[in-house]
Amino acid sequence: MTWFFRRFAEAMGAQRGCLFPWVPVMLGCGIGLYFQIKWEPPVLMLWLAFLPGGLIVLHARGEVAGPLLAAFGLICVGFGLAWLRAHAVAGPVIDFRYYGAIQGRVVEIDRSASDAMRLTLDQVVLERMDPGDVPRHVRVSLHGDLQPLDPLPGMTVILTGHLGAPGGAVEPGGFDFRRHAWFQQIGAVGYTRTPVLMLEPPPEGLHSGLPITRARMALSAHVQSVLEGETGAFAAAIMTGDRAGMGKETLQDLRDTNLAHLLAISGLHMGLLAGFVFGTLRLVLLLVPRARHHWPVKKIAAVGALVAAAAYLALSGGNVATERAFIMVAAALTALLLDRRALSLRSVAIAALVVLILQPEALLGPGFQMSFAATTALVAVFERLSAARAGRKWPGWLGPVLSVIVSSAVAGAATAPVGMAHFNQASVYGLLANLVSVPVMGVAVVPLGVVAGLLMPFGLDWLALHVMALGLDWILGVARVVADWPGSVRPVVAPGPAVLPMIAAGGLFLCLWRGRARLAGLIPMAVAVALWSQTQRPDVLIADNGTLVGVMTVEGRGLSRDQGAGFIADNWLENDGRGGTQADAAQRWPGAVANRLAEAASDVGPMIHVQGKRAAELLTGCEAGQIVVSSVEIAITGECRVFDPVMLGVTGSVALWSTSDGLRVETARERAGQRLWLGASPARPRLALFRFPSAQ
């Protein structure tokens, strides 16, 4: 044990320069701890986290005790940062079903999972509601065939629609949509089937509000007017981050071939852009004799590249991956200005630290996890390769080729577990698709995008955009062809809650530890893979509104409906690692469906799913051992167990398991606990998990 603590102390900071990469790791542990607990800490916890944590970090001393105490202090500070952020973004959340007029200013335009246009509004006004109870932001999907208005950022619109609270997890332990919406300050989501009307046009001038968002959308529209179809939408996504024009099938092809990262403005795009601007400026200045001999050409080029990267960050919308990429680029260019080493794990740590301080909740998102997993692994691997090949001579052509192969393989291996855990699929030919697409992105697409931006004020950007389209068409063609290959995508079962943290811990140990002992990081990774392979899915899943039931069969999960509640159905099937469509899953329902009553036998007992008021009126009694799920409040007699909107409103979605000790029940509310984003109503005790109708 003494040896372990001493080695840990060395890796944490006893050796000069080793401390800083561990700082965001410990901070992230504290943030993760805040989100894992099942109760909301009181205000006193903030001071108990910040004050002692900060003092410990600043005053930790000793070869062994100092780094250990510093790690503990950073965990406390991370916990406090997450608490502070969660309360800082607090806002009203609607707690009833609203139907009526909705007025607000458009701040974001994107597309929903069903490919419908979706508006995020602020400055919201809802009729018959006190302004203090109105959410800060609402998100509305636009359904219906006719939408005569083309919404623009900054435009004030009015519509008639349905709103409700953001939905909970589709199953216990699943992705918590309410937490996600809480940190985006979205207090209501809904839809409209009526036309959206403009109440006020976007104001003019730089000080009119949302100038950058409007510039982004204007640039996106301009690019799509020059390049039509999916090519133009792809170009707009790369240049501005606006994916609203991308078709659903194209996005799916890119995901299936592991090329979706080319859409996200991240390290690849930011690095290529900054490198192109840096190299071009430096070359131009070197051609001028006076500048070549008297000016700090390298530093001037670094400043120009930094300005270009900052402009790209602003136009891209600034998601986590883009912020991380910009901070990394800024750290590297600043290092050049200070005559320091440009690329190192220290710059990765700076980027992670800034993002975690500003947005602690980003730690839980796939964007943060995949972005930093790839970057950390790439920097660590290339640092060791550089040390290993020192003094060796390589053919000039071999370096770039090996760099592309190694970077694609390392980034793919680092992000694969995260992608499989979050998106429940593995791209079999993803490495091959990246090897033939990433070079085209670097050599043609990004440089020509920069040239198009420079030519745009002169109206000549179409020259560069049309040549750029050749590279984009190649990438889209690769995605379509590879996605159509048999077995190109394999579904993956959703892992347990401990799997991904264990893989992350092992990977960080491999990258940050010094010496051969870092190979010990393979142990938690191997244990995580073993746990993942033994994942057992629930025998029965019940939607949080009672509209869908899923029963596990030998062939896969059978669903009680072949349509409706499609989002929930797709998530269940993906998490099962089976895939398929809702209609196919409905064919596997192990029982009969008649008059909107779905009956089935399951490992947990006889199931009855009641769909709608008429079906609820038909079911007047039940027997002991039966489990009745209803989409409406139901009054029946008997000794069965009932899950209807009354009960599900408290429990959330429900998972049922058949065990040797009897029926095991797990609810979304139990897994999530009593947290700030779940409301202040107390959870019911475990004895009230079921509602038993009284016999009459």
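Colleague: In which helix is valine 481 found?
Modeller: This is a predicted model. Valine 481 is one of the residues of a nonpolar surface patch, together with Leu432, Val436, Trp474 and Trp485. The helix in which valine 481 is found is α17.

Colleague: Is valine 481 buried, partly exposed or exposed?
Modeller: Buried means under 20% relative accessible area and exposed means over 50%, with partly exposed in between. Valine 481 has a relative accessible area of 45%, so the term that applies is partly exposed.

Colleague: Which elements give two or more residues to the nonpolar patch?
Modeller: The patch of about 450 Å² is made by Leu432, Val436, Trp474, Val481 and Trp485. The elements that give two or more residues to it are α16 (430-455) and α17 (461-483).

Colleague: How far apart are the end C-alpha atoms of helix α18?
Modeller: Helix α18 covers residues 499-512, which is 14 residues. At 1.5 Å a residue the helix should span 20 Å. The distance in the model agrees with this, so the end C-alpha atoms are apart by 20 Å.

Colleague: Which strands stand at the edges of the open sheet of five strands?
Modeller: The order in this sheet is β12-β13-β14-β15-β16, with mixed pairing. An edge strand has a single partner strand, so one side of it is left without a neighbour in the sheet. The strands at the edges are β12 (591-594) and β16 (641-643).

Colleague: What is the bridge partner of leucine 597 in β14?
Modeller: Strand β13 (residues 597-602) and strand β14 (residues 605-610) run antiparallel and are joined by six bridges. In β14, the partner of leucine 597 is valine 610.

Colleague: Which residue takes a positive phi in the hairpin of β1 and β2?
Modeller: β1 and strand β2 (residues 117-126) pair in the antiparallel sense over eight bridges. Aspartate 110 stands opposite arginine 118 in β2. Five residues lie between the strands of the hairpin, and the residue with a positive phi, near 75°, is aspartate 115.

Colleague: How many residues apart in sequence are arginine 675 and glutamate 40?
Modeller: Their side chains meet in a salt bridge (3.1 Å, N to O). Arginine 675 lies in the segment after α24 (668-672) and glutamate 40 in the loop between α2 (23-36) and α3 (43-59), so the pair ties together parts whose separation in sequence is 635 residues.

Colleague: Is arginine 675 buried or exposed?
Modeller: The cut-off for buried is under 20% relative accessible area. Arginine 675 has 2% relative accessibility, so it counts as buried.

Colleague: Which residues do salt bridges that share partners join into one network?
Modeller: Glutamate 171 and arginine 537 meet in a salt bridge (2.8 Å, N to O). Arginine 537 and aspartate 576 also meet in a salt bridge (2.6 Å, N to O). Arginine 537 lies in the loop between α19 and β9, and aspartate 576 in helix α20 (residues 566-576). The residues of the network are Glu171, Arg537, Arg557 and Asp576.

Key: Residues numbered from 1 in each chain as written. Predicted model: local features only at pLDDT ≥ 70, side-chain atom pairs only at ≥ 80, totals over all residues. Heavy atoms only, no water. Pairing = 2+ DSSP bridges. Helix = DSSP H or I, 4+ residues; strand = E, 2+ residues; numbered from the N terminus. Patch = residues over 30% accessible without salt bridge, like charges linked within 9 Å, V, L, I, M, F, W, Y side chains within 5 Å. Areas by Shrake-Rupley, 256 points an atom, 1.4 Å probe, with all protein chains shown as cover. Salt bridge = Lys/Arg side-chain N within 4 Å of Asp/Glu carboxyl O. Buried < 20%, exposed > 50% of the residue type's maximum accessible area, 1.4 Å probe, protein only. Expected span 1.5 Å × (residues − 1).
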